[in-house]
Each structure stands twice: as structure tokens, then as C-alpha cells.
Amino acid sequence: MKVCSLFSGGKDSTFALHWAILKGFEVECLVTILPKRKDSWMFQYNNVELTEYQAEVLGIPLVTVRSSGEKDAELSDLRMALKTVKSRGAMGIVTGALLSDYQRMNINMLADELDLKVYSPLWRKDQERYMKELIEYGFEFIITSATAYGFPFELVGKVITMEDVERIVERSRKFGFNPAFEGGEAETFVINAPLFKRKLIVEGKAVKLGEFEWEYRIEHIR
């Protein structure tokens, strides 16, 4: 079956894409939604414009759809993205939805309206186990932002190791944030994965924005 994969460049959408190809789906394209607002309800904001580099090393065409980022307009923007998927001959959409009912409900509702099947292989997956599987399967990613009380902020901008995952899990149990960041506690950017033909090298700096808010600003990528 031909599908397109919603792709933000983070760990979840990259893992979902990995799953789809391993299951034998023909991935027609990646679809990245570019919100204008940092506080978008539906879409990742940090570094999504850099998905073009990931698409290049994946060897999969990328389609970008711009979004206002306004809550009331995001459904229209998502509908436009799914119409683009269908126009490319895809019969389904793959998503990295992990725990957000709001995100999954809206994707499923619009996909049903357009007669598209939805595949969300990470849905309700054990969060702690999933984080460890990412490392075990060879996914390399950096934390590009973090906003959770108790988060180990020294990991922002670092390529995450199994030791780092164990630390994140330990902190999440102590302070109550989601260990896989599905509540927006952190954002990620994948620099290498089993499907990548080449590893991406990023350079930048970590910036403290508030008492419990850090951001890694990517300045160079190759």
C-alpha cells in the first residue's frame, strides 16, 4: 500500500517511518507541517524546517505545508496536508502519535473524511521501554528543547545515550513528566537512524530561556 508519513524530524515520526518501511509499506513521501507559532497545539515547531536535510539522507521526497499555528486554523492546515497526501496517490497516512488524544483524534477524523487509513504504530506504547528501544535500534537524536520541571537540562543539545535515557526515566518518575516527552516536555531532532544513508552533523548552542526552559539552537548542519 502507498502511504505518506507525517514527519517532524523528531524521534517519534522517524520511528513510525522506520516501522512503516519494515512492514512493507511503499512510502510515497514525507509530509512536514511548518507552524508559524511556537505554541502550536498540533505540530512541532523546533527545527522542522531542517527536515529537508533528513529527507535527503533518507532518499524520500518531502512535501511541506505551512500552518498558521493558530488553534482554530490548524484543522484546516492539517486537512490541506492530508489532501496533499491523497493527491500523491497515497491510501494511508503514518503518524508518530504516542499518547496525545487531541492529536490522534484530529488526524483520524480528517483522514476518515478523506477516506485515508491511519497507522499509528507507537500509540499507547510503553513510554520507558520505547525510549530504550530507540537507542537499541540505532536511533541517534538530540534534545532540542526542554521545558519540564526536574528535567536534566544538561542533556539539551547532546546525542542521547542509553545512560541518558535511564537518567531521564529516573527523573520522570521523580518529578512526574512524561519520559517520552509526549506532553511537550521536550523536543528532539534525529541525526542518524537505520534508514539514513548518511549521518547528519549539527552544530549549535544551548540557550537558557527561563528557570525551567532550555533550547538548543542549530546553527550549522551538514
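Modeller: Two strands pair if DSSP finds at least two bridges between them, and strands (E, at least two residues) and helices (H or I, at least four) are DSSP runs numbered from the N terminus. This is a predicted model, where local features need pLDDT of at least 70, side-chain atom pairs count only at pLDDT 80 or more, and totals for chains, interfaces and linings use all residues. Residues are numbered from 1 along each chain as its sequence is written, and side-chain values use heavy atoms, leaving out hydrogens and water.

Biologist: Which residue of β7 is the bridge partner of Ser145?

Modeller: Strand β6 (residues 140-146) pairs with β7 in the antiparallel sense over six bridges. In β7, the partner of Ser145 is Glu187.

Biologist: Now the helices: is α1 roughly parallel or roughly perpendicular to α5?

Modeller: The axes (lines fitted to C-alpha atoms over the stretch in contact, with angles from 0 to 180 degrees between N-to-C directions) belong to α1 (residues 11-22) and α5 (residues 127-136), come within 12 Å and cross at roughly 70°. Angles under 35 degrees count as roughly parallel, over 145 as roughly antiparallel, 65 to 115 as roughly perpendicular and the rest as oblique. Therefore α1 and α5 are roughly perpendicular.
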